[in-house]
Every structure is written in C-alpha cells, then in structure tokens.
Amino acid sequence: MAIAAITGGGRRPPCRRGPAAVAPPVRLSCRCGTYPVPRRNVLSTMLSTSTVILFGSKQITLAETTGATFREYIDTFDGYSFLYPKSWIQVRGAGADIFFGDPFVLDENMSVEISSPSSSKYVTVEDLGPPEKAAERVLQQYLTEFMSTRLGVRRTSNILSASSKVADDGKLYYEVEVNIKSFASNNELAVMPQDRVQRLEWDRHYLSVLGVENKRLYELRLQSPEQVFKEEEGDLRRVMDSFRVNKTLSEARCGDFGIPNNGSHQFRVRARFH
C-alpha cells in the first residue's frame, strides 16, 4: 500500500534509458612527446607486484618497484648472482640453470651454465688457460650448439675480445665477446649456381663471463642481435659486469650454524631491485 501511495496507485511506467556512454578507446604509445621510451620500460612501468616463486629446491622472492631498471638475481643454492633487465622474463625448459629473455626481442636473452660438481674440480678460471684460449673454447661451444643439418647453411665467426679482470669481490673472471653470422639459401636444390645465393639470416653478438667457485665453472651468457646490441650495449654490459660467483650457502654456512651438510636443506634465493 505504501508503494501504491508513492506511485499514485498505478503501475510504474517503464524506464527509458538513453544510449550507454561509450568510453573513448585507450591508446598506448611508446613515445612521450618527441622523446622515445625504451620498449622494456613500457612494460616495467605498468607493473607493481610482489610474489614468491618456488623452483624445486630454490625459492625466489620478487618485489617489483616502479622505476627500477634492473633486478638482482641471487642464487644462494648454486652460488652466483647477476643483474638483469626487469622487463625480461624467465624461460622454462631452456636447459640452462637459469634463463631470461626479452619478451620483445626473442633473440635477446641470457643464461647461466654451471659445470657438473661430480665431473669438474676447478680451482681457478686460469685452469682454462689464458683468456685467448678460453675464448676459443667458448666460440667452439657456440658453434657446436648452432650446428645445423640444413643444406646450404654457412656460419662465420670472429672472436672480438678476450680479457681478464679482478672484480670487487677479489675474484678473477674472464670476459669473452664473439660475433657469429649465419647464411643460408632458400633454394639450395636449384640446378643453376646463381639460384643458390646465400643470404644473411641472422647476425648475433655474444658476451660470456667465466668464473670459478665451489670447484665448478660458471658461465654467464648474453645473446643479442648486432643491431639491438648497438642500441642497448650499456645495459647489456652492466649485466655482464654484475656477474659474481659465490660460496654456496650449503658449503659456507652449514658448518657455521652446526647444520649437517647432507643436502637436505633448502635456502632462499632472492631478487632485489636497482
């Protein structure tokens, strides 16, 4: 009855709605004014998150901070650390101990390789010989991995530099840079030689840092297309310079805390931001 009194005792007339307002389309741009914004900063400035990820016996804590350029990956279980661009993502199943890649440039990535503890007893990186000899070993390893069974594929390679340095942790590291180009023909089965012309299919720059700790050989690998390397050389060299090898927590700390070193303990791996 109260409702009837309010509406005048009759049925409420149907509500007529005007056309729904349509929000203007959102446009995202990689340029602000006339100043270009690096593509990896577009993604990173959109994220602000904190998460914990478990990789087998490794636990990684990620805490995103807007404005940071690099994350620091610290693996206390295997004993190494490095910086990497915060917009890069981890790639699973790549065969390396850890692998990160640029989601915008698929040929740009980084990884860490570690020798087996049961088959290697390295004392120092000088066990590889001088830097020049280590560079030949690195290059040969790359060429072996890139070996192709396709007809008409040709690879050219060049060692750009090989050097050694003592980092701020007092340890000796080798740094190696190589360039590898791949040529191929799209018509290798053609009868006429002029129809079997080989063309450049990729041109890449490789950076490697070698270090020894825990009687194991560690190698940080960076791969980038040459054109991209010219644009991002500063960032890639910072990643290269940041690589450190450390005593594993199981070896260096278990005895200090009275923990038996039986391999049954899990240790935290953290990612910090710079």
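Is Arg204 buried or exposed, and what is its relative accessible area? I looked this up and found that Arg204 is buried, with a relative accessible area of 12%; buried means under 20%, exposed over 50%, and partly exposed in between, with a 1.4 Å probe and protein chains only.

Before going on, I noted that this is a predicted model, in which local features need pLDDT of at least 70 and side-chain atom pairs count only at pLDDT 80 or more, while totals for chains, interfaces and linings use all residues. I also noted that residues are numbered from 1 along each chain as its sequence is written, and that side-chain values use heavy atoms, with hydrogens and water left out.

**Around Arg204**

I placed Arg204 in strand S12, where strands (E, at least two residues) and helices (H or I, at least four) are DSSP runs numbered from the N terminus. Leaving aside neighbours within four places in sequence, I found Arg204 in contact (heavy atoms within 4.5 Å) with residues including Asp107, Phe146, Val178 and Glu226. I then saw that the charged end of Arg204 sits over the ring of Trp202, 3.8 Å from its centre, and that Arg204 also lies over the face of Phe146, at 5.9 Å from the ring centre; for this, NZ of Lys or CZ of Arg must be within 6 Å of the ring centre and within 35 degrees of the ring normal.

**The two rings**

I looked next at Phe146 and Trp202, which form an edge-to-face aromatic pair, 5.8 Å centre to centre with 75 degrees between the planes. Rings of Phe, Tyr and Trp (its six-membered ring) pair if their centres lie within 6.5 Å, and planes under 30 degrees apart count as stacked, over 60 as edge-to-face and the rest as tilted. Phe146 lies in the loop between helix H3 (131–145) and strand S10 (154–166) and Trp202 in strand S12, so the pair ties together parts that are 56 residues apart in sequence. Phe146 is buried at 18% relative accessibility, and Trp202 is buried at 14%.

**The cores**

I turned to the largest nonpolar core, which has 25 residues, and read that Tyr80, Phe82 and Met110 are among those with the most contacts inside it; such a core is a set of buried Ala, Val, Leu, Ile, Met, Phe, Trp, Tyr and Cys residues joined through side-chain atoms within 4.5 Å. Elements giving two or more residues to this core include strand S6 (80–85), strand S12 (199–213) and helix H4 (226–242). A second, separate core of 18 residues includes Phe146.
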